[in-house]
Amino acid sequence: MWGMVQFVVFLAAVGYACYLFYQAVYHRYLYLKLGRPVDLKQEARARVKAFLTQTFGQTKLLKDRRSGVMHVVIFYGFIILQLGALDLILLGLFGIRLPVPGFHLFELLQETTIVLVLLAMIYAVYRRYIEKLKRLKRGWKPSIVVFFICSLLLSVLLTLAFHKVREGAVASPFAPVTSLLAASFGDLSAQGAEIGFHLFWWLHLLILLAFLVYVPQSKHFHILTAPVNILLRRQESDHRLSSLSFEDEEAESFGVSRIEEFTRKQLLDLYACVECGRCTHVCPASNTGKLLSPMHLITKLRDHLTEKGAAITSRSPWVPAYMFGGGRSAHAMQPYELAGEWVGQGITDISPTLSLQESAWLPGDRQATELELIGDVITEDELWSCTTCRNCEDQCPVGNEHVDKIIDLRRYLVLTQGSMPHDGQRAMQNIERQGNPWGISRKERANWVKEIDPEGQLHVPHVTENPQFEYLFFVGSMGSYDNRSRKVTRAFVRLMNEAGVNFAILGSEEQNSGDTPRRLGNEYLFQQLCLENIETFRRYNVKKIVTACPHTYNVLKNEYPEYGLEAEVLHHSELLAELVRQGKLKPKHSVVERVVYHDSCYLGRYNGVYDQPRDILRAIPGVELVEMERTRENGMCCGAGGGMMWMEEKAGKRINLARTEQALAVNPTVISSACPYCLTMMEDGTKLKEAESRVQARDIAELLELSVFGDRGVQ
């Protein structure tokens, strides 16, 4: 009789919990459907490979070795323990054990796994509450998960221990933990053991079901959404921004101004977030006291989607609704004050940003449908702090894409509202009128040839003078107009001449690549420049392009093909490294310098070019190449990307100053880079630190020029 009652109650409890779980998941699915449909065309094999390596290989999590190993133990531990849960259910309901071969080994595996997961949870508590990692949140929400997992595992051990006592089982080396616990209950009567067994069996079941219902209502929804998000995300090499169509003359706005104007994949990102804080931990804006925190960008959008989705669909996100589904005021950004001075500790510090976000994101007195996405949820201070370096995305273990959302919001501000910081607006107007951010005459774009080579020693032909050229040297605005970058242009031209590279330039026919307008949200200007440049390339039958600017390199290589460009695009570091490898350039003069190399985000993270610049530096006699603590994939941005080169930072510490301090920490004599933006920012940083007399900023082409030619003709 008791067995039948227990079975009926078991079915009722499991059925009700599964129903609540379904409600919580289905309601969030309805919220996701509010977004725009998205075409996810991509090679299935590439998606599956990324899914397997990141989900089961945990490759992103292992970027932080300690917490990565901890998570691997918990992840695989819970997979293994599902069989243990099934075994426990069979034991409690029918008095039988799971029919697996080698059951004693299965017992040992289960107990070993429980101990390892408990140790991992203890370490998780240590990291969060004792070591107090700044990126990790503290409070009752993280604590409740620790309670769920630990109590779940302990209830398994106690249930099996009481089972051993009631069965009179002898101690077993295959079940050391439960045998030890059973021995401590040695004086317990058979009836007491029976009561203890059923008590902890039901406790285990209820904790398990409560956890099941809690998961989709918390950040642990990522258990379900993260694998799907990783499967659907773009591949590592695909950092192209989405295009806007301007063909619809009835369109009233462009960009994103409401949460439902994001794509469904972008909204899935929000529910995949695990709030680990890795993105904010590496963000150059968060690290220097700006308001932007990539983690809070995602969680604020998630909260807003949940609250607005509930209002639109009339489906509560909280279950059971009769207990938790009451009316709640919507979260919104409350008035805040940005610190103009740096108030952090050390070179970088995310604490000021985290404190500001947590104090400003609070329930207000308005409904979610009354809030403005830009202003009430995500502020303009946040949007104009992003350097689009994508370090946040590189670190994210669940495949979230932050930058695209920021660009979509910028597009609405720029294209629909006509709103942009004054400095950025001035750069846009200059690019539109004269093809460069300074507003210098288009006719002066090729003046650099005579100004850096007044005696005419360099061979720099125009495409009309050398129609059979192999490479079009796309000089770019920095290389054409900026006095400091012109030295890099000269060095690169000398090296190409020395190696016998057949190249030509467009001169005054060259325009801005459009990278800056696109990153600042002016998609219309980008497309205009892109199409005009492609038309010019076609007119001169361009097949190969080389440029010294990673931003130009990235936009030409990855984004122009969508509009019809059919040409091979190289960065000058790639071409120079190949010329050195082939022996066409011979670095023979010693350059005795301790060089630290700074990775450009658009060359490294965007395009995976890490080794070629270093190969060039290693080939130079006398160079001692050293690395910063944050280097290669995790290198910190210089602060110039995303159009920030043309805008002033108004809060906290200057990003380029922080990056320069990181470089100076390894005591270099030269800070090298392969980007005109980075070069400018590093040079400005050394001046701010009053270190320019002992530490120079040099492009890799300048150092290679010194080694190939010695002091002969180097300016």
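In which helix is the place of Cys678? Cys678 sits in helix α28, which covers residues 676-688, and the model in which it is seen here is a predicted one.

**Cysteines**

With a relative accessibility of 4%, Cys678 counts as buried. When residues up to four places away in sequence are set aside, Cys678 touches His598, Ser600, Cys638 and Ser673. Another cysteine, Cys601, is 77 residues from Cys678 in sequence, while the two C-alpha atoms are 9.4 Å apart in space.

How many disulfides does a search of the whole structure find? The search finds zero. A disulfide requires two cysteine sulfur atoms within 2.5 Å. Cys273 is buried, with a relative accessible area of 8%, and Cys549 is buried with a relative accessible area of 8%.

**Two helices that meet, and a third**

Two packed helices are described by the angle between their axes and the distance between those axes. For helix α4 (residues 103-130) and helix α6 (residues 176-184), the axes come within 8 Å and cross at roughly 85 degrees. Because angles of 65 to 115 degrees count as roughly perpendicular, α4 is described as roughly perpendicular to α6. The residues that meet are Leu108, Glu111 and Val115 in α4 with Pro176, Val177 and Thr178 in α6, and the residues of this contact divide into four nonpolar, one polar and one charged.

| Helix | Residues in helix | First to last C-alpha | Expected span |
|---|---|---|---|
| α4 | 28 residues | 39 Å | 40 Å |
| α23 | 17 residues | 24 Å | 24 Å |

For α4 the reach is close to the expected value, and the reach of α23 is also close to what is expected. Just after α4, Lys132 takes a positive phi of about 55 degrees, and just after α23, Asn541 takes a positive phi of about 55 degrees.

The buried residues of α23 include Glu523, Leu525, Phe526, Leu529, Cys530, Ile534 and Phe537. Among the elements that cover the buried residues of α23 are the helices α17 (403-416), α18 (422-434) and α24 (550-559), together with the strands β3 (471-473) and β5 (544-547).

**Asp408 and Ser242**

Asp408 is found in helix α17, and at 7% relative accessibility it counts as buried. Leaving aside neighbours within four places in sequence, Asp408 is in contact with Ser242, Gly255, Val256, Phe262 and Gln266.

Is Ser242 buried or partly exposed? Ser242 has a relative accessible area of 41%, so it is partly exposed. Ser242 lies in the loop between α8 (222-232) and α9 (264-272). With neighbours within four places in sequence again left aside, Ser242 is in contact with Asp408, Arg411, Arg518 and Glu523, and Glu523 is one of the buried residues of α23. Gly92, by contrast, is 150 residues from Ser242 in sequence and 55 Å from it in space, taken from C-alpha to C-alpha.

Methods. Residues numbered from 1 in each chain as written. Predicted model: local features only at pLDDT ≥ 70, side-chain atom pairs only at ≥ 80, totals over all residues. Heavy atoms only, no water. Buried < 20%, exposed > 50% of the residue type's maximum accessible area, 1.4 Å probe, protein only. Helix = DSSP H or I, 4+ residues; strand = E, 2+ residues; numbered from the N terminus. Contact = heavy atoms within 4.5 Å. Axes fitted to C-alpha atoms, helices over the stretch in contact; angles between N-to-C directions. Parallel < 35°, antiparallel > 145°, perpendicular 65-115°, else oblique. Nonpolar A, V, L, I, M, F, W, Y, C, P; charged D, E, K, R; others polar. Expected span 1.5 Å × (residues − 1).
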